[in-house]
Amino acid sequence: MRSRPSTTIRNPYRDEFLAAMERLGRHDGARTEELYRRRSELIGRYAFAVPDDRAIGLLVRLAPIVEIGAGNGYWAWCLAQAGADVIALDKFSPDGALYDSAAPCGVENTWFDDEWRPVLRADETAAGAHPDRTLFLCWPDPRSYMAHTALAAYRAAGGRRLVYIGDPASSGDPRFHAALETLACVERFRIESWPCCDEWCAHYEI
Ligand SMILES: C[S@@+](CC[C@H](N)C(=O)[O-])C[C@H]1O[C@@H](n2cnc3c(N)ncnc32)[C@H](O)[C@@H]1O
């Protein structure tokens, strides 16, 4: 499949993110609170990370992709528009409930209401069925071993490439981050993000 430049895709999350930053991002106090409320609202509609051109371009270059914990499929929808072959998987279906940070980890997909692209039901071990694809993990849960187990299954099956996006302080479990230290980081860059996040996109070779 031939790739189109990611700038040509529809990406309403980025449009709304940039509008929110323009309106609220340069202020403190009440406006900052409003910005965080807006972030939660947009996460529910779209995704945790805002797809930006550089991250989309990297993933298109590294396609085909298998995405584990794909949420409502927003990233997969963007990547498919940009020409990438993506399999999007998540253990849970969007249930429309509100995110509860006190809920037990990994029991349900409480963040999202709907899907942008069909997301197939599969848990993290499904990464091991796709060693021929680049493994993509975007904001994996920090409270379960999902990211670590996905990477281990993928590695054991002979998978060679990982792209991880998230704020390391609040996504991915400690064993996953320890495993990343053992991999060769080819490229790592900050992606466009909310002021409260220290968000990175990193490409590793295994
Ligand atoms: C923080 S959300 C991130 C979703 C999406 N990647 C994004 O960036 O918006 C974590 C996702 O992992 C999924 N998840 C949790 N445990 C999982 C598991 N064991 N296997 C596969 N997906 C899982 C949840 O349903 C949820 O969609």
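## Exercises on a predicted fold

The buried residues of helix α3 (residues 53-61) are A55, I56, L58, L59 and V60. Here, buried means that 20 or more other C-beta atoms lie within 10 Å of a residue's own, exposed means 12 or fewer, and partly exposed is in between, with C-beta atoms placed from the backbone. Helices (H or I, at least four residues) and strands (E, at least two) are DSSP runs, numbered from the N terminus.

Before you start: this is a predicted model, where local features need pLDDT of at least 70 and side-chain atom pairs count only at pLDDT 80 or more, while totals for chains, interfaces and linings use all residues. Residues are numbered from 1 along each chain as its sequence is written.

**Exercise 1. Find what covers the buried residues of α3.**

Step one: pick out A55, I56, L58, L59 and V60 on the helix. An α-helix has 3.6 residues a turn, so residues three or four places apart point the same way.

Step two: look for contacts, meaning C-beta atoms, placed from the backbone, within 7 Å of each other. The cover includes β1 (65-68), α4 (74-81), β4 (134-138), β5 (161-166), β6 and β7.

Step three: check the core. L59 is among the residues with the most contacts inside the largest nonpolar core, along with L79, L135 and A150. That core has 49 residues; a nonpolar core is a set of buried Ala, Val, Leu, Ile, Met, Phe, Trp, Tyr and Cys residues joined through C-beta atoms within 7 Å.

**Exercise 2. Work out the strand order of the open sheet.**

Step one: count the elements. The protein has 6 helices and 7 strands.

Step two: trace the pairs; two strands pair if DSSP finds at least two bridges between them. The order comes out as β3-β2-β1-β4-β5-β7-β6, with mixed pairing. At the edges sit β3 (120-121) and β6, each pairing on one side only.

β1 and β4 run parallel, joined by 4 bridges, and E67 stands opposite F136 in β4. β6 and β7 (residues 200-205) are antiparallel over 6 bridges, with E187 facing H203 in β7.

Step four: see how covered β6 (residues 184-190) is. Hardly at all: the count of buried residues among its 7 residues is 0.

**Exercise 3. Is I87 buried, partly exposed or exposed?**

Step one: locate I87 in strand β2 (residues 86-90).

Step two: count its neighbours. I87 is partly exposed because 19 other C-beta atoms lie within 10 Å.

Step three: list its contacts. Leaving aside neighbours within four places in sequence, I87 touches V66, E67, H130 and R133. The C-alpha atoms of I87 and I65 are 6.3 Å apart, though 22 residues separate the two along the chain.

How values were computed
Contact = placed C-beta atoms within 7 Å.
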